Amino acid sequence: GFVVALGAIVAAGPARAGGPVTISQGYDPAVTDGEVVVDATPDAVFAAFTDYRRWTEVMPDIARVEITDQKANDAHVTLISPTGHRDNLHFHNKPEARTIFFEDTGSRSSEVWAEIAFKRADRGQTRIHLRLYAKVHELATIVVRDGTVRSKREHIVTTDLTHIRDYFGRIAGR
């Protein structure tokens, strides 16, 4: 699922714009939070993320996007990696709060969801808060430990926010 596909992301290198990526572990051991500030308005960032086909421009690990169903703020989207791995995501977006929420529907051995909120920051910037929940269950707990899942979540949040920051830095011309 989503954790496996994004777990192979390679860091994008030095930042072009925006602030540092910060990671925190909250009260729920299955959740990792991260934040970054980008040089774009919350409306522009939300619009970019709800245009699912643009995800190939933001995330280098996404080669293709297939939208199988889209009605108002809900969508079923498949992200396809360069190696052919497919992540089936169900989106439930909240435009009034400039928040996207999706769950990975393709795994029986794990539960994975993410929420990304785009909040106004200083001088036309946006604070992006990404919350990633990932937990394995059933037989998968025998081979995948909680520490391994946490490490992968932290890696995913860090590299995804780095890619997002770098993308908005590029389009801002920095």
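This is a predicted model: local features need pLDDT of at least 70, side-chain atom pairs count only at pLDDT 80 or more; totals for chains, interfaces and linings use all residues.
Which side chain does a polar contact of 2.8 Å join to the side chain of aspartate 33?

Residues are numbered from 1 along each chain as its sequence is written, and side-chain values use heavy atoms, with hydrogens and water left out.

Okay, the answer: histidine 129. By polar contact I mean a pair of N or O atoms within 3.5 Å; within protein, one must be able to donate a hydrogen and the other to accept it, and residues adjacent in sequence count only if both atoms are side-chain atoms. Aspartate 33 has another such contact, at 2.7 Å, with the side chain of arginine 131. You'll find aspartate 33 in strand 2, residues 31–38. Strands (E, at least two residues) and helices (H or I, at least four) are DSSP runs, numbered from the N terminus.

Is aspartate 33 buried or exposed? With a relative accessible area of 5%, it is buried. Buried means under 20% relative accessible area, exposed over 50%, and partly exposed in between, using a 1.4 Å probe and protein chains only. Setting aside residues up to four places away in sequence, aspartate 33 touches Thr22, Ile23, Ser24, Gly26, His129, Leu130, Arg131 and Val157. Contact here means heavy atoms within 4.5 Å.

Now let's zoom out. The protein has five helices and eight strands, and along the sequence they go α-β-β-α-α-β-β-β-β-β-β-α-α. Of its 174 residues, 43% count as buried. And if you take contacts between residues at least 6 apart in sequence, 51% of them join residues at least 24 apart.

Next, follow the strands in the middle of that pattern. Strand 3 (residues 64–71) pairs with strand 4 in the antiparallel sense, over seven bridges; strands pair if DSSP finds at least two bridges between them. Arginine 64 stands opposite isoleucine 80 in strand 4. That hairpin has two residues between its strands, and alanine 72 takes a positive phi near 55 degrees. Strand 4 (residues 74–80) has five of its seven residues buried, so the rest of the structure largely encloses it.

Strand 4 also runs antiparallel to strand 5, joined by seven bridges, with threonine 78 partnering asparagine 88. Five residues sit between the strands in this hairpin, where glycine 84 has a positive phi near 100 degrees.

Then strand 5 and strand 6 run antiparallel with three bridges. Their hairpin has six residues between the strands, and arginine 98 in the turn has a positive phi of about 50 degrees. Arginine 98 is partly exposed, at 21% relative accessible area. Compare arginine 123, in the loop between strand 7 (110–120) and strand 8 (126–136): its phi is also positive, about 50 degrees, although it is not a glycine, but at 72% relative accessibility it counts as exposed.

On to the aromatics. Five of the six residues of strand 6 are buried, and phenylalanine 102 in that strand stands opposite phenylalanine 91. How many aromatic pairs are there? The count comes to 11. The rule is that rings of Phe, Tyr and Trp (its six-membered ring) pair if their centres lie within 6.5 Å; planes under 30 degrees apart count as stacked, over 60 as edge-to-face and the rest as tilted.

One of them is tryptophan 55 with phenylalanine 102, edge-to-face at 6.0 Å centre to centre and 70 degrees between the planes. Tryptophan 55 lies in helix 3 (residues 55–58) and phenylalanine 102 in strand 6, so the pair ties together parts that are 47 residues apart in sequence. Both residues are buried, and both belong to an aromatic cluster that also includes Phe46, Phe91 and Phe168.

In soluble globular proteins, nonpolar side chains tend to be buried together. Here the largest nonpolar core has 36 residues, and Phe49, Trp55, Phe91, Ile128, Ile164 and Phe168 touch the most other members. Helix 5 (residues 146–171) gives the most to this core, with seven residues. A nonpolar core is a set of buried Ala, Val, Leu, Ile, Met, Phe, Trp, Tyr and Cys residues joined through side-chain atoms within 4.5 Å.
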